[in-house]
Amino acid sequence: THTKMATIPLGFNIDVPRWDQTTFLGRMKHFLNITDPRTVLVPEEELDRAKALVEGCRAGLVPPGSSQEQLLYAKKLYDSAFHPDSGEKMNLIGRMSFQVPGGMALTGCMLQFYRTVPAVVFWQWVNQSFNAIVNYTNRNAASPISLRQIGVAYVTATSTALATAVGLNLYTKRAPPLLARWVPFVAVAAANCVNIPMMRQQEIINGVTVTDGDNNELGQSRRAAVKGIAQVVVSRITMAAPGMLILPIIMERLEKFPFMQRIRVLHAPLQVLLCGGFLLFMVPAACALFPQRCSLALADLELELRDSIVAKHGDKVPYVYFNKGL
């Protein structure tokens, strides 16, 4: 039997999100879709085809027989693998869809191997290297960053994480065992507060491009950059928090059971799997905390930018918009 393909409705715009981005639930559905870890397994050729289909659709050239479902799936692949500003394919490790497999392995190992200083140093270093790649990949691509700045950001963030982790590790030797298990989270949170602003320092120095509601460029704003980066720091810490704070309590209880003491070799894989469960939900939830298209009231902009917008547009632009990165 000939199955009739769904037709593309008139006025279909591939760039309009399927869910309302002004609500947390709408953003959550959007990020559940594009951070889907299964997209990591999609072959390069299929990603390239998805990009061609999305770009064709933007130009009004949809291949005959394309259904709306096919177009929406192509957009999902495009959003998961290509940068929203530059349209360039992102490296696999830096994609948000890799946060679940990558993050669960690293978090599980940090939570399991927290007792000795060499293990703490090694896993915090690996985690910060991973974070540096993610932060660089998901920056606002309109602000170029030099290799030297990337190096300084990486070294600073790694040093912060190591100093926090090793310092607290020594301090908690006499503390209750559970406190020692929470050290990796404090180190990760401290490093995020350094790593993200350092990796995206160009945005703070030169500002990010702000637009009006119709995407017309209005200028560069440093205050917008600071707001966007602050929101990303909060999101990243939130992403890690439940797994790194609740999981130690669960493991602390489980390890008291005789059967758990017999299967010590399985503790690390168990932590990794449990971390995956937390991250599967927390990656989209943390990304959804704030709108991707961030807004800033005209009154909160730098004086000179505010004056130039008012001079050109009068009171027609109450808010400016920009991509905050992820």
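Student: How many salt bridges does the structure hold?

Tutor: Side chains of opposite charge can pair when their charged atoms come close. A salt bridge here is a side-chain nitrogen of Lys or Arg within 4 Å of a carboxyl oxygen of Asp or Glu. The structure holds eleven of them.

Student: On what basis are such values computed?

Tutor: This is a predicted model, in which local features need pLDDT of at least 70 and side-chain atom pairs count only at pLDDT 80 or more, while totals for chains, interfaces and linings use all residues. Residues are numbered from 1 along each chain as its sequence is written, and side-chain values use heavy atoms, with hydrogens and water left out.

Student: Which residue does K75 meet in a salt bridge?

Tutor: The partner of K75 is D79, with an N to O distance of 2.8 Å. Helices (H or I, at least four residues) and strands (E, at least two) are DSSP runs, numbered from the N terminus. Because K75 and D79 are four residues apart in helix 3, about one helical turn separates them.

Student: Is K75 buried or exposed?

Tutor: The term buried means under 20% relative accessible area, exposed means over 50%, and partly exposed covers what lies in between (1.4 Å probe, protein chains only). K75 is buried at 13%, whereas D79 is partly exposed at 22%.

Student: With which residue does E255 form a salt bridge?

Tutor: E255 pairs with R181, the closest N and O atoms being 2.4 Å apart. E255 lies in the loop between helix 10 and helix 11 (258-262) and R181 in helix 7, so this pair ties together parts that are 74 residues apart in sequence. Both E255 and R181 are buried. Elsewhere, salt bridges that share partners join D15, R58, K75 and D79 into one network.

Student: How far apart are the closest N and O atoms of R181 and E252?

Tutor: They are 2.7 Å apart, and R181 and E252 form a salt bridge. Since R181 belongs to helix 7 (residues 177-181) and E252 to helix 10 (residues 222-254), the pair ties together parts that are 71 residues apart in sequence. R181 counts as buried at 3% relative accessibility, and E252 is buried at 18%.

Student: Which residues are in contact with E252, leaving aside its neighbours within four places in sequence?

Tutor: Contact means heavy atoms within 4.5 Å. On that basis E252 is in contact with P177, L178 and R181.

Student: What joins the side chains of Q112 and Q271?

Tutor: A polar contact is a pair of N or O atoms within 3.5 Å; within protein, one must be able to donate a hydrogen and the other to accept it, and residues adjacent in sequence count only if both atoms are side-chain atoms. Such a contact, of 2.9 Å, joins the side chains of Q112 and Q271. Q112 lies in helix 4 (residues 99-112) and is buried, with a relative accessible area of 13%. Beyond its neighbours within four places in sequence, Q112 is in contact with H267, A268 and Q271.

Student: Where is L326 found?

Tutor: L326 is in the segment after strand 4 (319-323). L326 is buried, at 15% relative accessible area. Its contacts, leaving aside neighbours within four places in sequence, include F31, M96, R200 and C287.

Student: Which domains does the assignment give?

Tutor: Domain bounds come from an automatic or database domain assignment. For this chain, the assignment gives domain 1 (6-82) and domain 2 (94-323). Their centres, taken over C-alpha atoms, are separated by 26 Å.

Student: How much area do domain 1 and domain 2 bury between them?

Tutor: The size of an interface is often given as the accessible area lost when the parts come together. Buried area is that loss for two parts, summed over both (1.4 Å probe). Domain 1 and domain 2 bury about 1,300 Å² between them, with 69% of it on carbon and sulfur atoms. In this interface, 16 residues of domain 1 are in contact with 17 residues of domain 2.

Student: How many salt bridges and polar contacts are counted between domain 1 and domain 2?

Tutor: The salt-bridge count between the two domains is zero, and three residue pairs are in polar contact, both residues being at pLDDT 80 or more. On the side of domain 1 that touches domain 2, helix 1 (24-34), helix 2 (44-58) and helix 3 (68-81) each supply at least two residues. The largest share of that side, six residues, comes from helix 1.
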